[in-house]
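Take a look at the fold below. We will start with its pocket and then turn to its charged pairs.

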Amino acid sequence: MAAGGAAPEIDGLLPDPAEGPAAPGPLLVELVALAHRRLSTGLAAALAEEDCTVDQWRVLRTLADDRGHAMGELAQALLIPQASLSRLVDSLADSGWVYRRQDDQDRRRITAHLSRRGRARLTRLDALAAAHDDAVRRACGLTDPALALARLADLRALDR
């Protein structure tokens, strides 16, 4: 506390009472949304070097587990509307990065899989994404923000 019991002003972050009521600070959701937009824009620019979108890269990464995923599973896991995801997977299949196959146990179920060509492409895309990630961490002075962000991403209790 400064002399007289007032809180010290820290680089203009605390409002000056003489200037009247202060605007409320940003909400967590606003900060996360802004961070998401900035990170996604930077990642999109990096992935564009390989003619790939962020959502295409996310689909390829999800399919890299070699289990094969139904469209509904992918849509739910990636938070992409199923119709949009179907168009996205169609585009990836047309490029030869993924393929669809009937499930061995349930012939009605069609699963998407990463092709060999898609895996090779994903290796290049992951290198671009990792370089972007490293640059962001260095610029922010963050060594590992992943734990806090993972907790935010997993807040399913708020989905109600």
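The largest pocket has a volume of about 1,800 Å³. A pocket is an open set of points on a 1 Å grid over the protein atoms alone, where a 1.4 Å probe fits, with protein on both sides within 12 Å along at least five of seven lines; lining residues have an atom within 4 Å of a point. The volume is the space filled by probe spheres set on the points, which are joined across faces, edges and corners. This is a predicted model: local features need pLDDT of at least 70, side-chain atom pairs need 80 or more, and totals for chains, interfaces and linings use all residues. Residues are numbered from 1 along each chain, and side-chain values use heavy atoms, without hydrogens and water.

The pocket lining holds 35 residues, with His36, Leu39, Ser40, Leu149 and Ala153 nearest the centre. Helix H1 gives the largest share, eleven residues. Helices here are DSSP runs (H or I, at least four residues), numbered from the N terminus.

Now the charges. Side chains of opposite charge can pair when their charged atoms come close. A salt bridge puts a side-chain nitrogen of Lys or Arg within 4 Å of a carboxyl oxygen of Asp or Glu. The count comes to eleven. Arg58 pairs with Asp55, their closest N and O atoms 3.2 Å apart. Both lie in helix H2, three residues apart, about one turn of the helix.

Arg61 pairs with Asp126 at 2.9 Å between the closest N and O atoms. This pair links distant parts of the chain: Arg61 is in helix H2 and Asp126 in helix H5, 65 residues apart. Glu50, Arg121 and Arg124 are linked in a network of salt bridges.

Note on methods
Helices (H or I, at least four residues) and strands (E, at least two) are DSSP runs, numbered from the N terminus.
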